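Please find some comments on the model below. They are set out as numbered points.

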Amino acid sequence: MSRPLARFGLSLPVILAAVLLAFALGTYLGGRFLVPPGQGLAAPAEAMGYGLLAALIGLAISVLAAIRLPLKALGICALAGIVGLAGLAAFVAIKLMATEPADQDGTNELPPPRTTAVPEAAPDTPGDGRRP
C-alpha cells in the first residue's frame, strides 16, 4: 500500500471517531452542566448545540493530527478511536436496555383518554343555548 493511501485510510477512522466521540461528550456535558433546568423542549436542542460545537472542535483537532502525526502514531490513534467508538456503542446499548418501559404494569395498553365534561344548559335557556 502506498504511503499517501495508507495515511488516508488511517485518517478516516481517526477523524470519524474524534467527531463522534466529541459530539457525544459535548452533548452529555452540555446537557448535564450547561443547560439550566426548566427549559422544556429547548433543552435537548441546546445540549445538541453544545455537542455540535464540540464535534467541530474535535474535527479541527483530528484533521490537524491526521496531517501532522507520523504514520505509526496515526495507526495507534485509529485503533484507539475504534475502541472508543465500540465503548460508546456498548455504553449506549447498556443504558437503553436498563431503562424501564413507559408502562409500569407490563401491558402495552394506552391509558384511557381524558374526557372533557360538556357543560349542561342553564335551566332558563332552551336546549340550543339561545336566550328565550
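**Notes on the helices and the surface**

1. The model is a predicted one. On its surface, L25, Y28, L29, F33, L34 and Y50 make up a nonpolar patch. Together these residues have about 630 Å² of accessible area.

2. Helix 1 supplies the largest share of this nonpolar patch, with five residues. Y50, also in the patch, is placed in helix 2, which covers residues 42–68.

3. Two packed helices are described by an angle and a distance, both taken between their axes. For helix 1 (residues 3–34) and helix 3 (residues 71–98), the angle is about 35 degrees and the axes are 8 Å apart. The crossing of helix 1 past helix 3 is left-handed.

4. On the helix 1 side, the contact is made by R3, A6, R7, L10, S11, P13, V14, A17, L20, L21 and A24. Their partners in helix 3 are L71, L74, G75, C77, A78, G81, I82, G84, L85 and L88. Sorted by type, the residues of this contact of helix 1 with helix 3 are 15 nonpolar, four polar and two charged.

5. I15 is another residue to look at, and it belongs to helix 1. Leaving aside residues up to four places away in sequence, I15 touches L59, S62, V63 and A66. I15 and V63 are 48 residues apart along the chain, and their C-alpha atoms are separated by 6.4 Å.

Terms used:
Residues numbered from 1 in each chain as written. Predicted model: local features only at pLDDT ≥ 70, side-chain atom pairs only at ≥ 80, totals over all residues. Heavy atoms only, no water. Axes fitted to C-alpha atoms, helices over the stretch in contact; angles between N-to-C directions. Helix = DSSP H or I, 4+ residues; strand = E, 2+ residues; numbered from the N terminus. Left-handed = near helix turned anticlockwise from the far one by under 90°. Contact = heavy atoms within 4.5 Å. Nonpolar A, V, L, I, M, F, W, Y, C, P; charged D, E, K, R; others polar. Patch = residues over 30% accessible without salt bridge, like charges linked within 9 Å, V, L, I, M, F, W, Y side chains within 5 Å. Areas by Shrake-Rupley, 256 points an atom, 1.4 Å probe, with all protein chains shown as cover. Salt bridge = Lys/Arg side-chain N within 4 Å of Asp/Glu carboxyl O.
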